[in-house]
Amino acid sequence: MPVPPETRLRAALDALSTPVVLWWRDDDAGRDHPRLATLLDLSAARRVPVCLAVVPDWLTDAGAERIRGAELATVVQHGVAHADHGG
């Protein structure tokens, strides 16, 4: 049976002699999606803050409600509509 990536990562980090500082960000958040739920659940379970780069035009009521309930989530605006304005 393969070892889950989280287990391998935990073992590698535990083997280090100094702490590792991470910046954890979800890019393109907004819709209530199972991946967002998984990320926020993992953040809560591990007590690890997460930054959500939210696209305002993609933000749904359900997505906003899920994000509001995430104690360790910080929201930053990621554009407005995630549209390419290049020529």
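Is Pro 19 buried or exposed? I looked that up before anything else. Pro 19 counts as exposed because its relative accessibility is 75% (exposed is over 50% relative accessible area, buried under 20%, partly exposed in between, with a 1.4 Å probe and protein chains only).

Ground rules for myself. I'm on a predicted model, where local features need pLDDT of at least 70 and side-chain atom pairs count only at pLDDT 80 or more, while totals for chains, interfaces and linings use all residues. Residues are numbered from 1 along each chain as its sequence is written, and side-chain values use heavy atoms, with hydrogens and water left out.

**Pro 19, continued.** I found Pro 19 in the loop between α1 and β1 (helices are DSSP runs of H or I with at least four residues, strands are runs of E with at least two, numbered from the N terminus). I also checked Pro 19 against Thr 74: 55 residues apart in sequence, and 22 Å apart in space from C-alpha to C-alpha.

For Leu 36, I skipped residues up to four places away in sequence and got contacts with Asp 26, Arg 31, Leu 52, Arg 66 and Ile 67 (contact means heavy atoms within 4.5 Å).

I then looked at Ala 70, which sits in the loop between α3 and β3. Ala 70 counts as buried because its relative accessibility is 14%. Its C-alpha is 15 Å from that of Thr 60, 10 residues away along the chain.

**Ser 43.** This one is in helix α2. Ser 43 is buried, since its relative accessible area is 2%. Beyond neighbours within four places in sequence, I list Trp 24, Val 48, Pro 49, Val 50 and Leu 72 as contacts of Ser 43.

**Helix α3.** Which residues of α3 are buried? In this helix, residues 61–68, I get Gly 63, Ala 64 and Ile 67. They sit on the same side of α3 because they cover an arc of only 100° around the axis (taken from the directions from the helix axis to the C-beta atoms). Asp 61 and Arg 68 are exposed on the face turned away from that buried side. The cover over the buried residues includes α2, β2 and β3 (73–77).

**Pockets.** On a 1 Å grid over the protein atoms alone, a pocket is an open set of points where a 1.4 Å probe fits, with protein on both sides within 12 Å along at least five of seven lines, and lining residues have an atom within 4 Å of a point.

- The largest pocket comes out at about 430 Å³ (points joined across faces, edges and corners, volume being the space filled by probe spheres set on them).
- I count 15 lining residues there, with Leu 9, Leu 13, Leu 22, Arg 46 and Val 48 nearest the centre.
- In that lining, α1 (5–14) and α2 each give two or more residues, and α1 has the largest share with five.
- The second largest pocket has a volume of about 170 Å³.
- Its lining includes Asp 26, Asp 27, Asp 28, His 33 and Trp 58.
- β1 gives the most to this second lining, four residues.
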